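Hello,

Here is the structure I promised to pass on to you. Have a look at it first, and then read my notes below.

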Amino acid sequence: MDSTGNDGTFPDFYAFSKNVFDASWFRADTQILASLADHWIGLAAIGIYPEDNHAYNAFTGVLREVRGRGLAQALKLQTILLAKREGVRYVRTNNDSQNVPMLAINRKLGYQPEPGFL
């Protein structure tokens, strides 16, 4: 299990659909899946908030066995490109302060750290 409490697997379709597809921010055209043959190996999701013209990168994840190949960065970059296409003013994200690889990706892509909260 990693530091986020995630065991490194994707939830079943029912749990995923309940938590994502039914969310107020969900838009099918701003969800990105990466697959290898018939297996999902990565995903990224971004919500667009037109009321204040921003986007939120809700999550980016890659299965443990395919990490370290640049897939998370590519997925996250695609969410930024989607947000840019939507003309948003800025994109926000949150992540585990101990997830060093994702923090490095975020810094590389221009995300600026801000104080967290408990």
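**What I found**

Ala37 is exposed, because its relative accessible area is 73%, and the cut-off for exposed is over 50%. Please keep in mind as you read that this is a predicted model.

You will find Ala37 in the loop that links β1 (31-36) to β2 (39-49). Its phi is positive, near 60°, and Ala37 is a residue other than glycine. The hairpin that β1 and β2 form has two residues between the strands. These two strands run antiparallel and are joined by six bridges.

Now follow the chain to the next turn. Which residue takes a positive phi in the hairpin of β2 and β3? That is Asn53, with a phi near 55°, and this hairpin has four residues between its strands. Asn53 sits in the loop between β2 and β3 (54-62). Asn53 is partly exposed, because its relative accessible area of 27% falls between the cut-offs of 20% and 50%.

The pairing of β2 with β3 is antiparallel too, over eight bridges. Here Gly42 has Val62 in β3 as its bridge partner.

That leaves β2, which pairs with β1 and also with β3. Is β2 mostly covered or mostly open? It is mostly covered, with eight of its 11 residues buried.

Enjoy exploring it, and write back whenever you like.

Best wishes

Definitions and conventions
Residues are numbered from 1 along each chain as its sequence is written. This is a predicted model: local features need pLDDT of at least 70, side-chain atom pairs count only at pLDDT 80 or more; totals for chains, interfaces and linings use all residues. Side-chain values use heavy atoms; hydrogens and water are left out. Buried means under 20% relative accessible area, exposed over 50%, partly exposed in between (1.4 Å probe, protein chains only). Two strands pair if DSSP finds at least two bridges between them.
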